[in-house]
Amino acid sequence: MELAAHPKLLTQFVERLLQQELLRQAALDPKVSTIKINLYRVAKKSRVVSSLIDAVNNGKKVTVVMELQARFDEAANINWSKRLTQAGVKVVFGVPTLKIHSKLCLITRLEDDQWVKYAHLGTGNFNEKTAQIYTDFALLTKNQELAQEVDAVFDFIEHPYRRAKFNHLLVSPINARRTLYRMIDAEIANAKQEKPAAITVKVNNLVDKGIVSRLYAASSAGVQIRMIIRGMCALVPGIPGISDNIEVISIVDRFLEHPRTFIFHNNGDEKIYISSADWMTRNIDNRIEVGCPIYHPELKAMIKHVL
């Protein structure tokens, strides 16, 4: 099953399904064996945490990756870690040199004598409060290739010395930068061959020098670039011969615009990603972040419609 929605609907949908129902039902389901989740920011009265503790009490193996360096939430996350540990949850603090900012959940369930993984990959935190006031995208999928790679991210967090390879996911700091460069360069190559070439980006911040330079090169080659940047933007659009093919806007609306989404035209075979990462050096090189490809045609169309 793959699920997504217009972000204004998704905020309510995620709160109900993920933060109240998905984890609650997983905690009660006798066929569920394990739950793994990243927690970066959680609500003060977190139903997510309550469900994870219920899962342990019901005999599930629960692993929580808790980021202790979440700005403004350091003390709260230390307290949550103590509470979870006391309840029997395996709490992992991740890689000392890399802040963990990914938004992942993985549930393993026995179905027809086989272990099946359900993966959640999102752009927002598991936080009931922000789910009501932020817009975000999330993918809930039974695609086993994606789910196995989500499991590999959790393994990398626990064992960073092991070599990890990802064929689908954009994982910082492992393959995200070179994959983004490769996709931008492919648009440049198509533009030089007079093929359609376009990039659409929605992020909170764009300040990475390497990405900005690549986008300038793409514009100069004739790639049509449209961007929605909510906050900081180090790229200057509209410079003749440098960025005159780039349009940048910012949206201030009823909800805080939080999704990170990338669309590459790819000569008609569009590549669409949702991601936890902004286009900042810290997110690409110094954090564990995850971008997820969207494969289902209806979901791709939905994201394009929203943008």
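Visitor: In which loop is the place of N266?

Guide: N266 sits in the loop between strand 14 (260-264) and strand 15. Strands (E, at least two residues) and helices (H or I, at least four) are DSSP runs, numbered from the N terminus. The model is predicted, so local features need pLDDT of at least 70 and side-chain atom pairs count only at pLDDT 80 or more, while totals for chains, interfaces and linings use all residues. Residues are numbered from 1 along each chain as its sequence is written, and side-chain values use heavy atoms, with hydrogens and water left out.

Visitor: What is the value of phi in N266?

Guide: Phi of N266 is near 55 degrees, which is positive in a residue other than glycine. E194 also has a positive phi, near 60 degrees, and is not glycine either. E194 belongs to the loop between helix 6 and strand 10 (198-203).

Visitor: Why does E194 count as exposed?

Guide: Exposed means over 50% relative accessible area, buried means under 20%, and partly exposed lies in between (1.4 Å probe, protein chains only). E194 has 76% relative accessibility, so E194 counts as exposed. By the buried cut-off, 53% of the 307 residues of the protein chain qualify.

Visitor: How do you know that the radius of gyration agrees with a compact globule?

Guide: The radius is taken over C-alpha atoms, and the globule rule is 2.2 Å times the number of residues to the power 0.38. For 307 residues a compact globule would be near 19 Å, and the protein chain has 20 Å, so the value agrees.

Visitor: What makes a set of residues a nonpolar core?

Guide: The members are buried Ala, Val, Leu, Ile, Met, Phe, Trp, Tyr and Cys residues joined through side-chain atoms within 4.5 Å. The largest such core has 30 residues, and L121, L139, V150, V153, L169 and I288 touch the most other members. Helix 5 gives the most to this core, with seven residues.

Visitor: With which residues is V153 in contact, leaving aside its neighbours within four places in sequence?

Guide: Contact means heavy atoms within 4.5 Å. On that basis V153 is in contact with L104, F166, L169, V171, I288 and V290. Another core lies apart from the largest one; this other core has 29 residues, including L206 and W279.

Visitor: Which peptide bond is called cis, with omega near 0 degrees?

Guide: The bond from S172 to P173 is cis, its omega being near 0 degrees. P173 lies in the loop between strand 9 (170-172) and helix 6 (176-192).
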